[in-house]
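Have the sequence and the 3D view ready.

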Amino acid sequence: MGKTSKDKRDIYYRRAKEEGWRARSAFKLLQIDQECRIFNGVSKTIDLCAAPGSWSQVLALKLNENYKKALEESSAASPPKIVAVDLQAMAPLEGVIQLQGDITNTNTAKEIIAHFDNTQADLVVCDGAPDVTGLHDMDIFIQSQLLLAALNITTHILRPGGTFVAKIFRAKDVTFLYAQLRIFFSYVYCAKPSSSRNSSIEAFVVCKNYSPPEGYEPHMLNPLLTHEPCDFQKLTGVNRVIVPFVVCGDFSQPDSDTSYPLNYKGEKYKYHEPVQTPIVPFYEEALSLSRSRDFHMADVSVIIENENMNTISLFKKTVLQQSQTEMNVEAKTVQQDQDEDETPIDMLQNLYVSDANKVNN
């Protein structure tokens, strides 16, 4: 039941495993391409925040199709090049160059360009998102900064006329991000694939025809939005931009918010394991801690006693030591209770033996 419950709730999760995609997000990029034709004429591309690699799989598929078509027209066509960048390790993919690095670092941009023989890419995609906290304003802010970081490195590695696709959270102040993107690209769209849940504020910006302002020099300075309130009605010119909203995928596509039966459209259901499990999951340490201590129970005393700890690792170490001490004390208490329980039993047995001897005499 546990294995199939998510298959019932999420048809795109189920289809991703059946078709060999590492994550359901592969369908989002495919549906964006159906509507916006982002792969036309593309032979060099970069996947930022690539792990676990589903978008890189799509890039490899589409660019190889382009290469085969180009070979039919000319034997001098160059094979495709795909570079996947992420801070986390990612399982290898055929035809994809993997680079473990920080997209906010200029050296990462230089390494990417080196893989392209000092040329620039035709397409840059980014499906990166922060680990959501549940604090919506915080999550939206962090996502916007991640998008700006992706835009910063893109100005180093994308050729003029190239395309940039990235995840965005549609929130109150999203227009500020649109305005900044519009400075660098002639066309900016907000795309919502049908495989993206309607209940999610997630969408994707599709930016075409990269044309930076005259005299602009790429840098890694992050143009953070100010914390001061801004009246949108006062913005003029390039600062005030209304971006077209495009829905990707036709009505024949399944609804990402609907639960479907396992035997969808009469097809016999067969359970599939995930295509690629995490190599070093970020929750691995949390699981090891939870096995040795119940962190679900509120323990205010532990927090108060360790409020002056300078590092998380030191706090974890202290908590585990306290947990081990408590377990030792508990084991000792249980042993003492058992010894105390055995004493009355021994006295009764001796009394019984004494009475039996008297009767025999």
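## A lysine on the inside

UniProt, in an unreviewed entry, places the feature "active site" at Lys167; UniProt positions follow the numbering used here, feature names are shortened, and annotations may be inferred rather than shown by experiment. Keep in mind that this is a predicted model, in which local features need pLDDT of at least 70 and side-chain atom pairs count only at pLDDT 80 or more, while totals for chains, interfaces and linings use all residues. Residues are numbered from 1 along each chain as its sequence is written, and side-chain values use heavy atoms, with hydrogens and water left out.

Lysine 167 sits in strand E5 (residues 158–169). Helices (H or I, at least four residues) and strands (E, at least two) are DSSP runs, numbered from the N terminus. Is lysine 167 buried or exposed? Lysine 167 is buried, because its relative accessible area is 9%; buried means under 20%, exposed over 50% and partly exposed in between (1.4 Å probe, protein chains only). Beyond its neighbours within four places in sequence, lysine 167 is in contact (heavy atoms within 4.5 Å) with residues including Cys126, Asp127, Gln143 and Glu202.

| Residue | Relative accessible area | Class |
|---|---|---|
| Lysine 167 | 9% | buried |
| Serine 54 | 3% | buried |
| Phenylalanine 141 | 34% | partly exposed |

Serine 54 belongs to helix H4 (residues 54–73). Its contacts, again leaving aside neighbours within four places in sequence, are Trp21, Arg22, Ala23, Ser25 and Ala26.

## Cores

In soluble globular proteins, nonpolar side chains tend to be buried together. A nonpolar core is a set of buried Ala, Val, Leu, Ile, Met, Phe, Trp, Tyr and Cys residues joined through side-chain atoms within 4.5 Å. The largest one here has 37 residues, and Ile46, Leu48, Ile112, Phe164 and Phe185 touch the most other members. Helix H6 (residues 136–157) gives the most to this core, with seven residues. Apart from this core lies another, of 33 residues, with Trp21, Ile38, Val58 and Ala84 among them. Phenylalanine 185 is in contact with residues including Leu151, Phe164 and Tyr210, leaving aside neighbours within four places in sequence.

## The whole chain

Which kinds of element does the chain hold, and how many? There are ten helices and eight strands. Buried residues make up 37% of the 361 residues. Of the contacts with a separation of 6 or more, 71% join residues 24 or more positions apart.
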